[in-house]
Amino acid sequence: MITHDKIGSDEDLAREVLIVGRDIAPCILSFAEDSEKEKDALAVLKRVYQNLAERGSLLVRAQRIGSASVDYADIASAFDGQPRRALRALCAPASAAGMSRGSFPLERPLAKLWPERY
């Protein structure tokens, strides 16, 4: 199970990252211990944690020179783009691309007009 102490040393920030990550992909807490999916999810969460801990230019929402202030974006914005897609991909069911879903009748009315030959 992924816990805050596996993500980073700042407990409050790690808990926030884990909460937002769980909101994006609820299945991340159900991965088996030391499984590849858990390691992948941890890698994404640790990267987001590191970016937030550094508070680099990626998270600056606004800057003002007069009275020198900097506004940072919220925690959820650190998941924008690739981290969000990566976490969702971990929870998505594996399906064959291009295959139809559902059942279709073998005998169709159109087959009487235009028979299909294989």
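Modeller: Start with one term. Two residues are in contact when heavy atoms of theirs lie within 4.5 Å. Take E38, which sits in helix 3. Leaving aside residues up to four places away in sequence, E38 touches M1, I2, K6, F31, A32 and E33. One more thing before we go on: this is a predicted model.

Colleague: Is E38 buried or exposed?

Modeller: Compare the relative accessible area with a cut-off. Under 20% counts as buried. E38 has 2%, so E38 is buried.

Colleague: Which backbone atom lies 2.7 Å from a polar atom of the side chain of E38?

Modeller: The backbone nitrogen of D34. Look for pairs of N or O atoms when you search for such contacts.

Colleague: Let me step back. How many helices and strands are in the protein chain?

Modeller: Five helices and two strands. Now read along the sequence: the pattern is α-α-α-β-β-α-α.

Colleague: Where is confidence lowest, and where is it highest?

Modeller: Check pLDDT, the predictor's confidence in each residue. Strand 2, residues 69-72, is lowest, with a mean of 65. Helix 1, residues 4-7, is highest, at 91. Over the protein chain the mean is 79, and 69% of the residues reach 70 or more.

Colleague: What share of the 118 residues of the protein chain counts as buried?

Modeller: The share is 29%. The accessible surface is about 8,800 Å², and carbon and sulfur atoms account for 54% of that.

Colleague: Why do residues three or four places apart point the same way?

Modeller: Because an α-helix has 3.6 residues a turn.

Colleague: Which residues form a disulfide?

Modeller: Search for cysteine sulfur atoms within 2.5 Å of each other. The structure holds one such link. C27 and C91 form the disulfide, with sulfur atoms 1.6 Å apart. This pair links distant parts of the chain, 64 residues apart. C27 is in the loop between helix 2 and helix 3, while C91 is in helix 4.

Colleague: Is the disulfide of C27 and C91 left-handed or right-handed?

Modeller: Read the torsion about the S-S bond. For C27 and C91 that torsion is about -95°, so the disulfide is left-handed. Then check each end. C27 has a relative accessible area of 19%, so C27 is buried. C91 has 27%, so C91 is partly exposed.

Colleague: Where is the place of A78?

Modeller: In the loop between strand 2 and helix 4 (82-91). A78 has 14%, so A78 is buried.

Colleague: How many residues apart in sequence are A78 and V48?

Modeller: They are 30 residues apart in sequence. In space, A78 and V48 are 6.2 Å apart, C-alpha to C-alpha. Now take the whole protein chain. Among contacts between residues at least 6 apart in sequence, 57% join residues at least 24 apart.

Key: Residues are numbered from 1 along each chain as its sequence is written. This is a predicted model: local features need pLDDT of at least 70, side-chain atom pairs count only at pLDDT 80 or more; totals for chains, interfaces and linings use all residues. Side-chain values use heavy atoms; hydrogens and water are left out. Helices (H or I, at least four residues) and strands (E, at least two) are DSSP runs, numbered from the N terminus. Buried means under 20% relative accessible area, exposed over 50%, partly exposed in between (1.4 Å probe, protein chains only). Accessible areas come from the Shrake-Rupley method with a 1.4 Å probe; for residues, only the protein chains shown count as cover. pLDDT is the predictor's confidence in each residue, from 0 to 100. A polar contact is a pair of N or O atoms within 3.5 Å; within protein, one must be able to donate a hydrogen and the other to accept it, and residues adjacent in sequence count only if both atoms are side-chain atoms.
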